[in-house]
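Biologist: Hi! I'd like to go through this structure with you and see what surrounds the ligand. Could you bring it up?

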Amino acid sequence: MPDGAKPVLDVRGLQTVFRTRGGDVHAVNSVSFHLKPGELLGVVGESGSGKSVTMMSLIGLLPMPPAEVRAGEVLLGDVDILKITPEQLRDVRGRRIGFVFQDPMTSLNPVFTVGNQVMEPLLRHMNMDKKQAFARAVELMELVGIPDATRRMKDYPHQFSGGMRQRVMIAIALACDPEVLIADEPTTALDVTIQAQIIELVKDLRTKLGMAIVWITHDLGVIAGIADRVMVMYGGQVVEQAPVKELFANPQHPYTRALLKTIPSVSGQREARLKVIEGQPPILGAAPTACPFKPRCGHAFDRCGNENPQRRALGADPVGYGHDVACHWDARTGGPV
Ligand SMILES: Nc1ncnc2c1ncn2[C@@H]1O[C@H](COP(=O)(O)OP(=O)(O)O)[C@@H](O)[C@H]1O
Ligand SMILES: [Mg+2]
């Protein structure tokens, strides 16, 4: 990734709210991040922290209502894709941004053959005829490591294993050679061996194809092996962001530090390995006026209850390009900032 390269995707101040009978749910609060060409950004945070809603907001996949994107810009190249028409956005989604979700059984249509589903984006976006699309679909199935690809084109999703279905989803996501691939917990439903194979596949494809990737997971261990940069989310906000080595060597936010302690050590006993962070994630009922992590934080002081901390840069880099953290406590001094 060339330094200083213009981001392929630049998200600024994204705010998404669900309007429900019980009141508004502030799922995404002023989230900003960028993605440089060819880079892999890992997004971590426990369940409910706003990872999926962030990504679905920016590609227009949330049901609206109840969802409402209240603020923000999502620049894909020079175009704000929050401002384009639904037809233009559909085109962006199929062609320029590919995505893979957790459960390939609900993402694949059970009544169509796998071949048909891999051919679909090629026919729709790439101006191919059926013969060309078939040939390209076979190539894509081979690319993602599906054995005997030509024959398997005629099979239905239920005839594939979970790991093979996820490979099919990756083939579909990559069909139109997108600039950005968004993978939302793509291996969570798979067993550990298959999970490792899918991660290897994505690493390999990234080298071959050079797209930028957003990889969402609640598992920092996975991130350690694949990401260039990591964004940590908590309570609908970005609480810390840094290059991967820096984040592991020098975590600043008390939440990140707690998350790192939950990673099983290679040599550790299974029972002793899995620690959980005590306390409950926040209820996102109101726009936050305090730090969302305060109730679970061992370092909180008065200011944390009165003011939601802004992201501040560590070192000389401007926010977003080096290491930044949203916390009133300074991990380096052990006192207030
Ligand atoms: N359809 C919905 N209606 C109301 N709230 C929702 C809806 N979908 C998601 N949320 C809320 O948005 C928050 C973020 O969810 P999500 O992005 O799915 O978390 P993550 O992907 O990090 O596990 C959660 O508090 C969740 O309850
Ligand atoms: Mg999710």
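Modeller: Happy to. A word on classes before we start: Ala, Val, Leu, Ile, Met, Phe, Trp, Tyr, Cys and Pro count as nonpolar, Asp, Glu, Lys and Arg as charged, and the others, Gly among them, as polar. Please keep in mind that this is a predicted model.

Biologist: Which protein atoms lie 2.8 Å from an oxygen atom of ligand 1?

Modeller: One is an N or O atom in the side chain of Ser-52, and another is a polar backbone atom of Val-53. For Gly-48, a backbone N or O atom lies 2.7 Å from a ligand oxygen.

Biologist: And how much of ligand 1 does the protein bury?

Modeller: The protein buries 66% of the 560 Å² that ligand 1 exposes when taken alone.

Biologist: Changing topic: how many cavities of 30 Å³ or more turn up in the whole structure?

Modeller: The search finds 1, and about 80 Å³ of space lies in that largest cavity. It is lined by 14 residues, and the closest to its centre are Cys-291, Cys-297, Cys-304, Cys-327 and His-328. By class, the lining has 10 nonpolar, 3 polar and 1 charged residues.

Biologist: Good to know. One more: what lines the second largest pocket?

Modeller: That pocket has a volume of about 640 Å³ and a lining of 21 residues, with Phe-99, Glu-120, Pro-121, Arg-124 and Ile-172 nearest its centre. The lining divides into 10 nonpolar, 7 polar and 4 charged residues.

Biologist: Which helices and strands supply at least two residues each there?

Modeller: Those are α2 (86-95), β6 (97-100), α4 (114-125) and α7 (162-174). The largest share of the lining, 6 residues, comes from α4.

Definitions and conventions
Residues are numbered from 1 along each chain as its sequence is written. Chains are lettered from A and ligands numbered from 1 in the order in which they are written. This is a predicted model: local features need pLDDT of at least 70, side-chain atom pairs count only at pLDDT 80 or more; totals for chains, interfaces and linings use all residues. Side-chain values use heavy atoms; hydrogens and water are left out. On a 1 Å grid over the protein atoms alone, a cavity is a set of points where a 1.4 Å probe fits but cannot get out, and a pocket is an open set with protein on both sides within 12 Å along at least five of seven lines; lining residues have an atom within 4 Å of a point. Grid points are joined across faces, edges and corners, and a volume is the space filled by probe spheres set on the points. A polar contact is a pair of N or O atoms within 3.5 Å; within protein, one must be able to donate a hydrogen and the other to accept it, and residues adjacent in sequence count only if both atoms are side-chain atoms. Accessible areas come from the Shrake-Rupley method with a 1.4 Å probe; for residues, only the protein chains shown count as cover. Helices (H or I, at least four residues) and strands (E, at least two) are DSSP runs, numbered from the N terminus.
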